[in-house]
Amino acid sequence: MSMSRKISFIVNPIAGTKNKRQIVAMIRSLVRSDSRNYKLLETAYAGHAEQLATDSDADVVVAVGGDGTVNEVARALVGTNKTLGILPCGSGDGLALHLGISRNPKKALQTILDGRVAIIDYALCDHHPYFCTCGMGLDAVVSHRFANAAKRGLSTYVVEAFKAWRTFLPEHYIIRVDGKVVWDGDAAIVSVCNANQWGNRALIAAGASVADGRLDVVVVSPFRLWQAPAMVLALFAGKVRSCKKVHCFSGQNVDIIRDASGPIHRDGDSFVASDHIQVNLLMHQLRVIVPDNQRNI
């Protein structure tokens, strides 16, 4: 990448579990060395990262935070000539890990300076953009609980998952992919994936690509608690497709009808959506920096 490009770093000071002081100090050092080409901006409220990215005159806009921060910055850049950079320091960092970007700040910064530009897909869930995954069912309930938890991190997510399981009831779903009914029955989880994971290398859609023009739809049918440990092991091993309770489909347009309105998540952020949800893929819309040796995205 040309070193003459202007780069803005947008920092979410409260994302994830990591102390940002070292990362901010590293960026400040870069800014001091060449203030003409580098800027450091901090968010002050939800949605601020999107506004800062929209207003930026930089060639590369770097999201310094987790998947929520990445989502805000990326949705301001889709369809433009600006390029997304990611310096991951969130709780899950799903898109960064999918793209092969290191969670080590120095290595991630080196990727931003020396990496190559790839052009990736993104999706709209009821007209709201996401870049990694969206989902409903148990994982959406857990995402909602996780967002309101006092602590962050994988251990908190696991604890909240087991708490949610105690009162969780599967719903009935009718799912159409590209106009064809692929599922009509109860499900515990429905995940519509652009990237291969929820975050923390939990590979719900191992083998998914963010540049293949397809969404991976993963349906987990109702299961018992004693079956969960084996499914979790398969999830982190990238072998969840081998589980009997897991059903996989793919396409560009996904139409989901469920029993009632309720929580869903988009890139880990929890929302309430109606009983009818539409997800559509938009191909080759976002420029993003990836490691130079990362060829399969």
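Thr-111 is buried, with a relative accessible area of 12% (buried meaning under 20% relative accessible area, with a 1.4 Å probe and protein chains only). The model is a predicted one, in which local features need pLDDT of at least 70 and side-chain atom pairs count only at pLDDT 80 or more, whereas totals for chains, interfaces and linings use all residues. Residues are numbered from 1 along each chain as its sequence is written, and side-chain values use heavy atoms, with hydrogens and water left out.

Thr-111 belongs to helix H5, which spans residues 105–114 (helices being DSSP runs of H or I of at least four residues, and strands runs of E of at least two, numbered from the N terminus). When neighbours within four places in sequence are set aside, Thr-111 is in contact with Ile-289, Val-290 and Pro-291, contact being defined as heavy atoms within 4.5 Å.

Helix H5 also packs against helix H1 (residues 21–33), the two axes coming within 10 Å and crossing at roughly 35°; axes here are lines fitted to C-alpha atoms, for helices over the stretch in contact, with angles running from 0 to 180 degrees between N-to-C directions. This contact is formed by Ile-23, Met-26 and Leu-30 of H1 together with Pro-105, Lys-106 and Leu-109 of H5.

In helix H2 (residues 48–55), the buried residues are His-48, Ala-49, Leu-52 and Ala-53. Viewed down the axis of H2, these buried residues fall within an arc of 135°, so they line one face of the helix, the arc being that of the directions from the helix axis to the C-beta atoms. Their cover includes strands S1 (7–11), S2 (38–42) and S3 (60–65), as well as helix H3 (67–77).

Terms used. Buried < 20%, exposed > 50% of the residue type's maximum accessible area, 1.4 Å probe, protein only.
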